[in-house]
Amino acid sequence: MQNYVGYVNGSLPSALDPQEAKEKLDSLDTYAWLDRQNHCGSDAGCGDLKVSDRPAGNRWTDTVNYARGTGTDWLTSDTDHGLWAFKVLDGQVAVWHRPGPVGPWRGPDLLPGTGMDPGVGAVTLKDGRIAVFGTRTSFGARPADYRREVVYAVQKQPGADGFGEWQSLGTPETADEAWTSDISAPAVSVDGTGRLAAYVRDGAYTLRGRVQQPDGGWGPWENHGGEDLHGAPVTAIDGAGRRMVLSATSKTVVGWAQPKPGAPLGRATATGLPATTLPLTAQGREGGVRLWFRKPGSGNVRTALMTADDGLKVNNMTDLGGLNGFGSVTASGHVLAGRTAGGQLGSELGPGRPWGRSPLMFVGAPSSTKTGRNMVSLAVVGLDARLYVTSSADAPNAYLAPWQPVGPRNAAP
């Protein structure tokens, strides 16, 4: 399943270039039944006549945004250079695992428990175990029983296939009658003291977070402020072990940073970055946290280095170009990849090198990770719900290996 943002798109930066926006409008014209062809044989007509007078609406065709599944941290490697991939299939978290740097993959194996929303992320704990975070939606007999909560499961031992039961962090929303648990997917990181923290964007468009305590329990949901936040926040650790959290607004990017590892998160700080198309990717690099995002109306990829030595600062924003497109980009080592115009995967294997295009069509966002010292692995989940993986040496003039599907081909029951 893939969820999309609806009417609020009209107030957000355009994620599509003019040609893609025109192609989307062509589809909406058909939906609005402008051709007046009797496709359905109904006297009532074959389209949505409410939008037929103005199919473009309030800039509906200028952009497209995924409501969930924009995270790029669902592929990770372990201390033995094995790979782990996590995706939601039919409400359950699927796990694929390749032990060691080479060898066969296992999976998909489904973790127990249903109701998981699209989009989960993985983080490695201080002891080497992997923790998987996401949100879970449940329903009951009454409307008041509807609930969306942040949940996580922790690997039983480093490298082991088994994971523990799902544990709930609840929701920062205290008035579901107003917000219906309108929380984003969680952004999770472990700071230099080994403390785990999870952050979400809430229904009031502010940042909320919980931090794990030394005894393993969790503190309360804290309100970190900000306003006009959209999409999901991202978080990463800089070279000093300080946690940074960044979130897009309709006009810029807002950031938070720890003054030192273990300290409470600092206040919301304006970065001065220009508007983005919402999905952000953050990774600890070059002593700071590097951020990747897309330019509105173009789809070009931009990057900037965030530092926090004397307060949160932006360093050297650069336009990396690209193949237009929209959605999240993933970055590991020299590899940069994301959705191109037309929906296929595009990748760049180093500054100044031309972008390549893969024929793969995929759902959600791509994910990548460093494996060992000189290898980058890249993965997507195709429209057939199979995992596809490739790799590249993290070196100049490297190339992507042929894509490999994992597991049996899915067949209709």
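1. Strands here are DSSP runs of E of at least two residues, and helices are runs of H or I of at least four residues, both numbered from the N terminus; two strands pair if DSSP finds at least two bridges between them.

2. The model is predicted: local features need pLDDT of at least 70, side-chain atom pairs count only at pLDDT 80 or more, and totals for chains, interfaces and linings use all residues. Residues are numbered from 1 along each chain as its sequence is written, and side-chain values use heavy atoms, with hydrogens and water left out.

3. Within the sheet, strand 14 (residues 243–249) and strand 15 (residues 253–257) run antiparallel and are joined by 5 bridges. Ser 247 is placed opposite Val 254 of strand 15.

4. The whole structure holds 8 aromatic pairs. One of them is Tyr 4 with Tyr 66: the ring centres are 5.1 Å apart and the planes at 50 degrees, so the pair is tilted. Rings of Phe, Tyr and Trp (its six-membered ring) pair if their centres lie within 6.5 Å; planes under 30 degrees apart are stacked, over 60 edge-to-face, and the rest tilted. Tyr 4 belongs to the segment before helix 1 (18–31) and Tyr 66 to the loop between helix 1 and strand 1 (75–77), so the pair ties together parts 62 residues apart in sequence.

5. Tyr 66 also pairs with Phe 326, with centres 6.1 Å apart and planes at 45 degrees, so this pair is tilted. Phe 326 lies in the loop between strand 20 (313–321) and strand 21 (329–332), 260 residues from Tyr 66. Tyr 4, Tyr 66 and Phe 326 form one aromatic cluster.

6. Tyr 4 is partly exposed at 48% relative accessible area, whereas Tyr 66 is buried at 14%. Phe 326 is buried as well. Buried means under 20% relative accessible area, exposed over 50%, and partly exposed in between (1.4 Å probe, protein chains only).

7. Ser 328 is in the loop between strand 20 and strand 21 and is buried, with a relative accessible area of 6%. The Ser 328 side chain reaches the backbone oxygen of Thr 70 at 2.5 Å. Leaving aside neighbours within four places in sequence, the residues in contact with Ser 328 (heavy atoms within 4.5 Å) include Thr 70, Pro 279, Arg 294 and Arg 339.

Note on methods
A polar contact is a pair of N or O atoms within 3.5 Å; within protein, one must be able to donate a hydrogen and the other to accept it, and residues adjacent in sequence count only if both atoms are side-chain atoms.
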